[in-house]
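This briefing goes through one chain by topic, from its overall make-up to single residues. Please keep the sequence and the 3D view at hand while reading.

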Amino acid sequence: MSLERDLSERSNACCELCSSKDNLCPHEVAPSSDGSLDQVVQLCEVCDQQVSGLVPKDVDHWRCLIESMWSQVPAVQVLAWRMLNRLKSESWAAEALDMLYLDEETLVWAEQGLIENDDLDDVKHFDSNGVQLSAGDTVVLIKDLNVKGAGFTAKRGTAVRGISLVSNNAAHIEGRINGQQIVILTEFVKRS
């Protein structure tokens, strides 16, 4: 049997990360892939491009990792671990990463490839005082903010708990105010 047929059979003709059935292709899991079935995964075009760093990552797309990280295929586990590490500024990804267990050999493989991708995601978020923000922090608004489309003004002094960082924009964070998830400029908050 050919590699593509074996991959298709193993994955039920789906992307092994997001379960998409569109534009599937084999993806060798670096750094030392020998092209064997054990070191190759079947990915859709979207996952392949984002895993390779060819396009900015779409954080919402990667929520699929919450299910695919439980795959019994080590190569899939490695890619899930690497992507969760790249997304660990998101609270859901950090939680999933804490739950994911890799045996020692698989973890070494995963860490080797992560080193290559470290510089892809160096976006850092700072509050109005220059203090670095992390996912899950609590921030306080330093200015009244008119929330467009929501019909209310978020008042100065309002605490926003459990923020998320916008991975591709250092000037934006997300948080919940008055029950609505909104994007907030980092220049208008201070970490508490």
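In which loop does Asn-178 lie? Asn-178 lies in the loop between β8 and β9, where strands (E, at least two residues) and helices (H or I, at least four) are DSSP runs numbered from the N terminus. The model is a predicted one, in which local features need pLDDT of at least 70 and side-chain atom pairs count only at pLDDT 80 or more, while totals for chains, interfaces and linings use all residues. Residues are numbered from 1 along each chain as its sequence is written, and side-chain values use heavy atoms, with hydrogens and water left out.

**Overall make-up**

- The secondary structure of the chain comes to 6 helices and 10 strands, and the C-alpha trace spans about 65 × 30 × 25 Å along its principal axes.
- Of the 192 residues of the chain, 41% count as buried, a class that means under 20% relative accessible area, with exposed over 50% and partly exposed in between (1.4 Å probe, protein chains only).
- Among contacts (heavy atoms within 4.5 Å) between residues at least 6 apart in sequence, 57% join residues at least 24 apart.

**Surface and charge**

- The accessible surface of the chain comes to about 10500 Å², of which 46% belongs to carbon and sulfur atoms; the areas come from the Shrake-Rupley method with a 1.4 Å probe, and for residues only the protein chains shown count as cover.
- The mean positions of the 17 positive and 30 negative charges are 14 Å apart, where Lys and Arg count as positive and Asp and Glu as negative, with His and the chain ends not counted, and where the place of a charge is NZ of Lys, CZ of Arg, CG of Asp or CD of Glu.

**Nonpolar cores**

- A nonpolar core is a set of buried Ala, Val, Leu, Ile, Met, Phe, Trp, Tyr and Cys residues joined through side-chain atoms within 4.5 Å; of the 32 residues in the largest one, Leu-17, Leu-43, Cys-47, Trp-62, Leu-65 and Leu-84 touch the most other members.
- Two or more residues of this core come from each of β2 (40-44), α2 (45-51), α4 (74-86), α5 (91-99) and α6 (104-117), and α4 gives the most, with 8 residues.
- A second, separate core of 16 residues includes Val-139, Phe-152, Ala-154 and Ile-177.
- Not counting residues up to four places away in sequence, Leu-17 touches a set of residues that includes Leu-43, Cys-47, Trp-62 and Leu-65.

**The open sheet**

- An open sheet is formed by 3 strands in the order β7-β8-β9, with antiparallel pairing, two strands being paired if DSSP finds at least two bridges between them.
- The edge strands, each pairing on one side only, are β7 (164-165) and β9 (180-185).
- β7 is joined to the antiparallel strand β8 (residues 172-177) by 2 bridges, and the bridge partner of Leu-165 in β8 is Ile-173.

**Single residues**

- Asn-178 has a positive phi of about 50° although it is not a glycine, and Asn-178 is exposed, with a relative accessible area of 61%.
- Asn-12, in the loop between α1 (3-11) and β1 (24-28), has a positive phi of about 55° although it is not a glycine, and Asn-12 is exposed, with a relative accessible area of 59%.
- Val-108 lies in helix α6 and is partly exposed, with a relative accessible area of 40%.
- The C-alpha atoms of Val-108 and Leu-7, 101 residues apart along the chain, are separated by 24 Å.
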